[in-house]
Amino acid sequence: MKKVDNKIEDIFNYIKQINGNSPDITTRIVKIDKKRVGYIFLQSVSSDDKISDFLVKSLNLDYKFDTTNFFTNLFTNLQNSISNSNLKVVQTNEDLFYYLASGFTIIVTDYETKVICVETKTNLDRGVTEASTETVIRGPKDSFTENHMINMGLIRKRIKDPNLWFDEFKIGRRTQTKVDVIYLKDVVDMEKINKIKDKLSTIDIDGILDSGYIRQFITGKKTYFFPKLLSTERPDIVCTNLLDGKIVILIENSPFALVIPTVFVDFLHSAEDDYQIPLNVSLTRILRFISLIITIITPAFYIAMTTYDIKLIPSHLLISLAAQRRGVPFPTAVEVILLLVIFEILRESDLRSPSKMGASISIVGALVLGDAAVSAGIVSPIAVIIVAITSVSGLIFSDIDMVNSIRIWRLVFLIFGTVLGFVGIVAACIILTTRLASIETLGTPYLAPISPFNLKDQVYGIFKKSKMSTTKRPNYLHTINKTRGSK
Amino acid sequence: MKKLKLLIFILSIFLLTGCWNYNELNDLALISGISIDKDEEGFIVNYMISNSSKSESKSNSNETSTILYEGRGSTISKATENINQKLPKIPYLSHVEVIVISEEVAKNDMLKAMDFLLRNPESRKEIYLLVSKDVKAKDTLSILTPLESFPSDNIKSNITSSTNEIATTSTIKYSEFLAELIQRGIDPTLGVIEVEGNIERGQNQESNDNARQDAIIKLTSSAIFKNEKLVYITTQDESTAIDILNKKLQNIYIETECNNEKIVTYITSIDAKTKVKIENNKPKVTIDVKGDGSLIEVNCKVNLEDSKIIEEIQQQVEEKLKTFLYQGINICKKYKTDTFGFGNKIYKVNPKYWKSIEEKWNDELLPQLDVEIKISIDLYSKGSLNQSIKEEIK
């Protein structure tokens, strides 16, 4: 490690040189008691007001110092006069630029190898806004932002427990992103924490820009279509999971926190499930489960039904179906795949397009592709209905990864159903179930608490009970502290 | 290498199976009704196809939605082959709802028709089997009705409503017919379909435009078989009696006399329990008939609040019902056919005894069988009026 140069100009030149003389580097030299003090900051990330109001005013006091103790006295004085900002003494060149980029102002003297770093960060974040992907009707509306401190604060203000621990890592060779592992010290199984820490410390990458990066490192190379970790932008969900005994990873500059370990049923839950009447919630979750099955199986079921097991269809329905299929030039499977692809294209274009173009997309989608395609005899009305049911049921999930993985499995089912009929659907069901059952995160089976089955954990599955009856934390998490109350 | 093996394995699932049994709906001709007739040259089979292009049109249009394809041949299979040659699509037999067999075929060639239908793996066994009386079987399939889209639907809904609601006739499904045919000591019955009115005009869609239809389909009587041969087509009353005793019918209207006027009783939830005893080496049959009655029409002057009069009416109803039911028994004795399965009951009670009499059962024992019918009707309701209307006016 190279020591900090003790000449002010040397340090200024050094910083300018490693940064290619960046235009936002600002340097200034002031004199205190005829001794030179230099300060340097990056204008783009620093607040001019903070520097002039607090820092420079504190520097311009009339000091009478010895040359020998100049640095120490300066630091003590700053410490006494600037009370609300981070103040640090730094030794190495490498750290120097990290602090500059983080919005610190660096104070340099001619006499010492050390420098003083004062935090003068400017506010580059949008404020706390309403959650946009996980909306609720009742319940807290705030959501995480890109500001790490605000995000931590949103959690901290909900759980005022000293056992709420934040373990911080800096990951990313170039981005130096803060990654916090958050957990309740006296609840969580420490083995899981160690595993996560091990995984995080082995990450070797130039940059972490979103929690999606960390998610891939934690889930590993083996690819699954289903998301293994829940990512949420809602602090209340994060806190619910923390209280359950789960671990949360919060990443700087990302409004999405990761929940570890996540089980499959978590995706069937919604943010406001905890705030509503438990019986209604249970019924809603059953509805979500049914729509999960519908959205995966319907196209395959329709094809298998109308091409292999026609005798299962009631006569009147069959006659109506046959009448609708008349004149359609494509086989049923091609027809359904065609419509499914068109729907996915519509969805993707709707996601990517600015909101002002949304209206034209829906007109094209509804009128041209739906109505006109039927009138033109390219697809049958029943196929449009099937695809519509499938798509609408698929959108019941808020997690985009879940929606996308369902899309893939829908296609797998469709191919099996087309080639093998109901036998194929059963085969695809077996494949799906074994795939799901083989997933585990940090030793927690993905299908818990349904498989392996645990009766007491069912309140964390589909059937919800009132908070009075939910006294135990989920068993599958193997928490140290198993009860929520005092008993 | 491992991945390659897996790929070959998965591909072989898709390629080797080759979409066995794959059929697009467009390629199928959905057959909803079959009729089997016979003339001097052989069999005439008609397929009623329900997914013609006409069925696509909306319900308010005035087009016929059904189409009949006819085939002839020396055997039923030849006749169907003849149809297939004319039909541009694959005939699909799984959704057949009704099979109508002409009286002549039922009398002579029932087994041939059965064999053909049973052998076809596609055909469902839940098909209504009917015998056409006085008309060709194919004509019954072609009578159009404004209430249902297809003639076969009309027949089917006629069957289901007649068995559930009103006492006219009961019908039997193809599988039940076969079961009765195969079992010992029981002879099958079938529903009979008739056409009332002008058949030719009834086949025309214009007939549906009139308020009064030119031809309608009736299901009123039963065809009684002895083994596989049709022996007699009953009257409506006989058919009702047989169906009540066979527990296929639960409701009936009974008229009784009262001062030269009539009282009508509607009897519901009729349950007939048949018991067989063997006394002195002779079988004896007792049938317990129980039911709930309610007065639905009282035309004479009676005091309905008097419990004696109610009892009197009840007795009259029971007597009337008994004679009514004996009609059915008498028909069976006359034609020596075991429609009620008495023989089967004997076989179940005492198989050894049954073996000893099996040979002479139908011809000797059945006509002289001692059948006793015990009736108990519970008159529980007089409807909304307490008295007859004449009493109320007074």
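Analyst: Strands β6(A) and β7(A), the latter being residues 177–184, pair in the antiparallel sense over eight bridges. Strands pair here if DSSP finds at least two bridges between them. The element names come from DSSP runs, numbered from the N terminus: helices are H or I runs of at least four residues, strands are E runs of at least two. This is a predicted model, in which local features need pLDDT of at least 70 and side-chain atom pairs count only at pLDDT 80 or more, while totals for chains, interfaces and linings use all residues. Residues are numbered from 1 along each chain as its sequence is written, and chains are lettered from A and ligands numbered from 1 in the order in which they are written.

Five strands of chain A make an open sheet in the order β6-β7-β9-β10-β8, with antiparallel pairing. At the edges stand β6 (164–171) and β8 (230–232) of chain A, each with a single partner strand, so one side of each has no neighbour in the sheet. On average, neighbouring strands of this sheet are turned by 25° against each other, direction ignored. Axes are lines fitted to C-alpha atoms, for helices over the stretch in contact, and angles run from 0 to 180 degrees between N-to-C directions.

Next, the helices. Helix α5(A), residues 148–156, packs on this sheet and touches β6, β7 and β9 (247–251) of chain A. The direction of α5(A) makes about 5° with that of β7(A). Helix α6(A), residues 190–201, lies across β6, β7, β9 and β10 (257–260) of chain A, and runs at about 175° to β7(A). For contacts, two residues count if their C-beta atoms, placed from the backbone, lie within 7 Å.

How is chain A divided into domains? The assignment gives domain 1 (8–119), domain 2 (148–262) and domain 3 (276–444); such bounds come from an automatic or database domain assignment. The centres of domain 2 and domain 3 of chain A, taken over C-alpha atoms, are 34 Å apart. Across that pair, 11 residues of domain 2 of chain A are in contact with 11 residues of domain 3 of chain A. On the domain 2 side, the touching residues divide into seven nonpolar, one polar and three charged. In this scheme, Ala, Val, Leu, Ile, Met, Phe, Trp, Tyr, Cys and Pro are nonpolar, Asp, Glu, Lys and Arg are charged, and the others, Gly among them, are polar.

Here's chain A as a whole. It has 15 helices and 12 strands. Its C-alpha atoms fill a box of roughly 105 × 60 × 40 Å along the principal axes. The radius of gyration of chain A is 30 Å, while a compact globule of 487 residues would have one near 23 Å. That radius is taken over C-alpha atoms, and the globule rule is 2.2 Å times the number of residues to the power 0.38. Of the 487 residues in chain A, 36% are buried. Buried means that 20 or more other C-beta atoms lie within 10 Å of the residue's own, exposed means 12 or fewer, and partly exposed is in between, with C-beta atoms placed from the backbone.

And the partner chain? 22 residues of chain B are in contact with 18 residues of chain A. Two elements of chain B, α1 (2–17) and β1 (28–38), each give two or more residues to the side that touches chain A. The largest share of that side, three residues, comes from β1(B). That side of chain B holds seven nonpolar, 11 polar and four charged residues.

Of its 11 residues, 11 are buried, so β1(B) is largely enclosed by the rest of the structure. β1(B) pairs with β2(B), residues 43–49, in the antiparallel sense over seven bridges, and Ser35(B) has Asn46(B) as its bridge partner in β2(B). The hairpin of these two strands has four residues between them, and there Gly42(B) takes a positive phi near 155°. β1(B) also pairs with β5(B), residues 98–102, in the parallel sense over four bridges, where Ile34(B) meets its bridge partner Ile99(B). With β4(B), residues 90–92, the pairing is parallel over three bridges, and Leu30(B) has Tyr92(B) as its bridge partner there.
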